[in-house]
Amino acid sequence: MAKVTLPDGSTLEITDGTTAKQLAEQIGPGLARAAAAAKVNGQLVDLSTPVTADATVQIITLKDDEGLQIMRHSCAHIMAEAICSIWPDTKLVYGPTIENGFYYDIDLDEPIRPADFPQIEEKMREIIKTDKPFIRKEMSRAEALNKLAGDKYKTDNINHADSDTISFYSHGGDFEDLCRGPHLHSTGKVGSLKVMSVAGAYWHGDPTQKMLQRVYGTAWPTKKELDEHLQRLEEAKKRDHRLLGRQLDLFSFNEAGPGFAFIHSKGMIIWNAIVDFWRSVHDKYGYQEIKTPVILNEELWHKSGHWDNYKENMYFTNVEGIGYAIKPMNCPGLCLVYKTRKHSYREFPIRVAELGVVHRHEASGVMHGLFRVRQFTIDDAHIFCIPQQIESEIIGVIELAFEVYRAFGFEDFHIELSTKPIKHIGSDEIWDISTKALKDALEHKRIEYKINEGDGAFYGPKIDFHVRDCLKRSWQLGTIQLDFSMPQRFGLVYTDKDNTEKTPVMIHRAVMGSIERFIGILIEHYGGNLPLWLSPEQAKILPISEKSNDYARIVQDKLKDMQLRCSVDLSNEKINAKIAKAYSEKLPFMLVVGPKEAQSNTVNVRIRGVKETKTVEIDKFIRIAKRKITDKDLDLAF
Ligand SMILES: [Zn+2]
Ligand SMILES: [Zn+2]
């Protein structure tokens, strides 16, 4: 007999060798039907895996992220079989999951075209219909290498495997693929699928290797969820920030500097509104602001470790025969500022913020509008403290981050905590203290989080903040990283109570990440309809004819006196044409004025997204607009 502990803490006695699937059936038929895989002592396994000793077991369903990924990965096997059956010369490389889907890299000389997708999908559906179980077969590394001799891709995969037991999976028929698993219990558990696209991809991302074909697909538990996903993709196309950036004249890119954004004047208004807010929040949370140089001597980057670990992503230059690097991060500069004077424990915590412009080389293939650029501005900050202050400092950063995200209208967050990796520096004691401090801070704030065991940086554990936009896309924005390495490398010290010199704890943190990317995310989240406080132009005054131009100018002056961003359309267009033009600019407010409004000192307000117009006195409109800006109100209606 073995004792199984379930996630709710209850226990169950089972006979040795009971499979996870049988266990799910014992718990309840509903769970057994929904089961996708199981987690035994934290390890994801197939439902057919027997439980042979006391263990904690969690049944994973498609409602869990991990279950969904297992379904998508199982679907990748099915797609691979479908492709191999249509093009028998196909050589398979690998088929991982990605956000919302999966891909399979294949080596096939004949190009697969979108016109082929329906045929692949049909074959996949056939395989799903047979509802054949996924069967795992294990063998030694040597046996596996022997079995796949001559297949350079799969041999390479075996050589990269971290276990000495190599597994293969089949799902009925002759098709079999090298894979560590786990998979769904049977093909019939895959829901609704679609082959999405095909693109070229080098083997191992190495341009000296053969160009493979990467076939992308997606799979969802139900047809309804698949349709909703496809609809969101359509909506995302319309909201593409590169498109809206051009249409709204916010920013541009030029061949003269690929990956370097040119921010236009309207874009700068958004930028400055973000930065003003950033500054006020950091002031409130007790940060000082500094600015450090963009170009610094190469020696510094040897000392910081960037030379050894990050050189490929850095830009270098030479001044008077001396090598310099363009900074990819702000922290080394900050360390030099820290060292300009002595520090005492009494000063801690020290919180230092910097809107640092950094350069990181990205391959030309991966750049994407403002999302992936080569120069960007980090809303960076570093905290120096003693170990006992870690928890309260982390709480402070979490509160600050949530305040910032909410101000921009993001309410759907999730947090991930990454712990000690195998390769790390620093004593186990300091890792334990700081990882516990991170956990305690999250628990203190009653925040649910996911743990990524062993996924921390080699120099310390970290917390990442992800937010979901209105299209349910997840963006990693903020990060909090503890660092046991850099203070030592730079010889940073403080004088402790007992008069001895000690090394402070250093925390790196960013909330928005990159301001450029953050603006891109905001544009897509709002589809260009930015909140009032961020809008480059908050109101446009539209005189119904030339006769009302003077009154329109008076209204404009009044608004400008109160720092509202506005302009008047003095063109000779008809009023409907003026309204249509202002509408395309996605303005929050249009103020239509004619003789009637001039006589009563009013404006006729058209509110973005609201059907009815409203006539109000100018002063009242100004008061309402000002209040909405101060409150960062996302709702324009009044
Ligand atoms: Zn697999
Ligand atoms: Zn840093």
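Colleague: In which sense do strand E27 and E30 pair, and over how many bridges?

Modeller: Please keep in mind that this is a predicted model. Strand E27 covers residues 474-483, and one of the facing pairs puts Gln481 opposite His508 in E30. The two strands, E27 and E30, pair in the antiparallel sense, and the number of bridges between them is 5.

Colleague: What is the order of the strands in the open sheet of 8 strands, and which are its edge strands?

Modeller: The 8 strands form an open sheet with mixed pairing, and their order is E18-E22-E23-E30-E27-E26-E24-E25. An edge strand of this sheet pairs on one side only, and this holds for the strands with residues 288-289 and 449-452.

Colleague: How do E24 and E25 run, and which residue stands opposite Tyr449?

Modeller: Strand E24 holds residues 413-418 and is joined to E25 by 4 bridges, with the two strands running parallel. Within this pairing, the residue that stands opposite Tyr449 in E25 is Ile415.

Colleague: Which helix packs on this sheet, and what angle does its direction make with that of E22?

Modeller: The helix is H9, with residues 265-284, and it touches E18, strand E22 (350-359), strand E23 (375-385) and strand E30 (505-514). Among the buried residues of H9 are Ile270, Trp271, Ile274, Phe277, Trp278 and Val281. The direction of H9 makes an angle with that of E22 of about 160°.

Colleague: How far does H9 reach from its first C-alpha to its last?

Modeller: H9 has 20 residues, and at 1.5 Å a residue a span of 28 Å is expected. After the helix comes Gly286, whose phi is positive, near 75°.

Colleague: Which residues are the protein donors of the zinc ion (ligand 2)?

Modeller: Along the chain, the donors follow the spacing C-x50-H-x125-H. Two of them link distant parts of the chain, one in helix H12 (residues 331-338) and one in strand E23, 51 residues apart. The donor atoms SG, NE2 and ND1 lie 2.0 to 2.3 Å from the zinc ion, and they belong, in that order, to Cys331, His382 and His508.

Colleague: Why do Cys331 and His382 count as buried?

Modeller: A residue counts as buried when its relative accessible area is under 20%. Cys331 is buried because its relative accessible area is 4%, and His382 is buried because its value is 3%.

Colleague: Where is Arg239 placed, and is it buried or exposed?

Modeller: Arg239 sits in the loop between helix H7 (223-238) and helix H8 (241-247). Its side chain is joined to that of Glu235 by a polar contact of 2.9 Å, and, beyond four places away in sequence, Arg239 touches residues including Leu244, Cys470, Glu524 and Tyr526. With a relative accessibility of 16%, Arg239 counts as buried.

Colleague: In which helix does Leu559 lie, and what is its relative accessible area?

Modeller: Leu559 lies in helix H17, which holds residues 549-561. Leaving aside neighbours within four places in sequence, Leu559 is in contact with residues including Ala539, Ile541, Leu591 and Phe621. Leu559 is buried, and its relative accessible area is 0%.

Colleague: What is the order of the strands in the open sheet of 5 strands, and which helix makes about 100° with E35?

Modeller: The 5 strands pair in a mixed way, in the order E32-E31-E33-E34-E35, and the edge strands are E32 (566-568) and E35 (614-617). Strand E34 (residues 602-607) is joined to E35 by 4 bridges and the two run antiparallel, with Thr602 opposite Glu617 in E35. Helix H18 (residues 575-584) lies across E31, E33 and E34, at about 170° to E31. The helix that touches E33, E34 and E35 and makes about 100° with the direction of E35 is H20.

Definitions and conventions
Residues numbered from 1 in each chain as written. Chains lettered and ligands numbered in written order. Predicted model: local features only at pLDDT ≥ 70, side-chain atom pairs only at ≥ 80, totals over all residues. Heavy atoms only, no water. Pairing = 2+ DSSP bridges. Contact = heavy atoms within 4.5 Å. Axes fitted to C-alpha atoms, helices over the stretch in contact; angles between N-to-C directions. Donors = N, O, S within 2.8 Å, 3.2 Å for Na, K, Ca; no water. Buried < 20%, exposed > 50% of the residue type's maximum accessible area, 1.4 Å probe, protein only. Expected span 1.5 Å × (residues − 1). Polar contact = N/O pair within 3.5 Å; in protein donor to acceptor, adjacent residues only side chain to side chain.
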